[in-house]
Amino acid sequence: MQRETLAGIAGALLLFLLWRGGKMVSDSIERQDSLELLEPSFRKKVQKLIQVLQAQGYEPWVYETLRTAARQDWLYASGRTRPGPIVTDVDSSAPMVGHGVGLAADIID
């Protein structure tokens, strides 16, 4: 089997293990930065973007990929029920999209 196919299967399996019945199983508020947590076709696009940025002299760093519902609520609490600036207007009661389903990545130079 090709390496990319194995990586895609591993990524899909990891996402399956993190999700059950449409809800995140993990309750971690820790930031996840692994590209392996991204949906496989999106991961390829992010990897290509990183290559393009590097070729242009940037030093891209993947800051956050998949986000648990617990982390989303923790971020939402910032500036509301815990100290800090407001960093998001979305809590986990909204449909999980983007970071919540492995279709977003924050990249910093």
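Author: Rings of Phe, Tyr and Trp count as a pair if their centres lie within 6.5 Å, and planes over 60 degrees apart make the pair edge-to-face. Please keep in mind that this is a predicted model.

Reader: How many aromatic pairs does the count give by this rule?

Author: In general, a pair of aromatic rings is described by the distance of the centres and the angle of the planes. Here the count comes to 1 aromatic pair. The rings of Trp-61 and Tyr-63 have centres 5.5 Å apart and planes at 80°, so this pair is edge-to-face.

Reader: Which charged end sits over the ring of Tyr-63?

Author: The charged end of Arg-31 sits over that ring, 4.2 Å from the centre. A further contact of this kind involves Arg-82, whose charged end sits over the ring of Trp-74 at 3.7 Å from the ring centre.

Reader: With which residue does Arg-31 form a salt bridge?

Author: In general, side chains of opposite charge can pair when their charged atoms come close. Arg-31 forms a salt bridge with Asp-33, and the closest N and O atoms are 3.7 Å apart. Arg-31 is partly exposed, with a relative accessible area of 29%. Asp-33 is partly exposed as well, with a value of 38%.

Reader: How many salt bridges does the structure hold?

Author: The structure holds 5 salt bridges. Among them is the one between Glu-64 and Arg-67, where the closest N and O atoms are 3.1 Å apart.

Reader: Are Glu-64 and Arg-67 buried or exposed?

Author: Glu-64 has a relative accessible area of 2%, so Glu-64 is buried. Arg-67 has 10% and is buried too.

Reader: What is the distance between the closest N and O atoms in the salt bridge of Arg-71 with Glu-64?

Author: In that salt bridge, the closest N and O atoms are 2.5 Å apart. Arg-71 is buried, with a relative accessible area of 6%. Salt bridges that share partners join Glu-64, Arg-67, Arg-71 and Asp-106 into one network.

Terms used: Residues numbered from 1 in each chain as written. Predicted model: local features only at pLDDT ≥ 70, side-chain atom pairs only at ≥ 80, totals over all residues. Heavy atoms only, no water. Phe/Tyr/Trp six-rings, centres within 6.5 Å; stacked < 30°, edge-to-face > 60°. Lys NZ or Arg CZ within 6 Å of the ring centre and 35° of its normal. Salt bridge = Lys/Arg side-chain N within 4 Å of Asp/Glu carboxyl O. Buried < 20%, exposed > 50% of the residue type's maximum accessible area, 1.4 Å probe, protein only.
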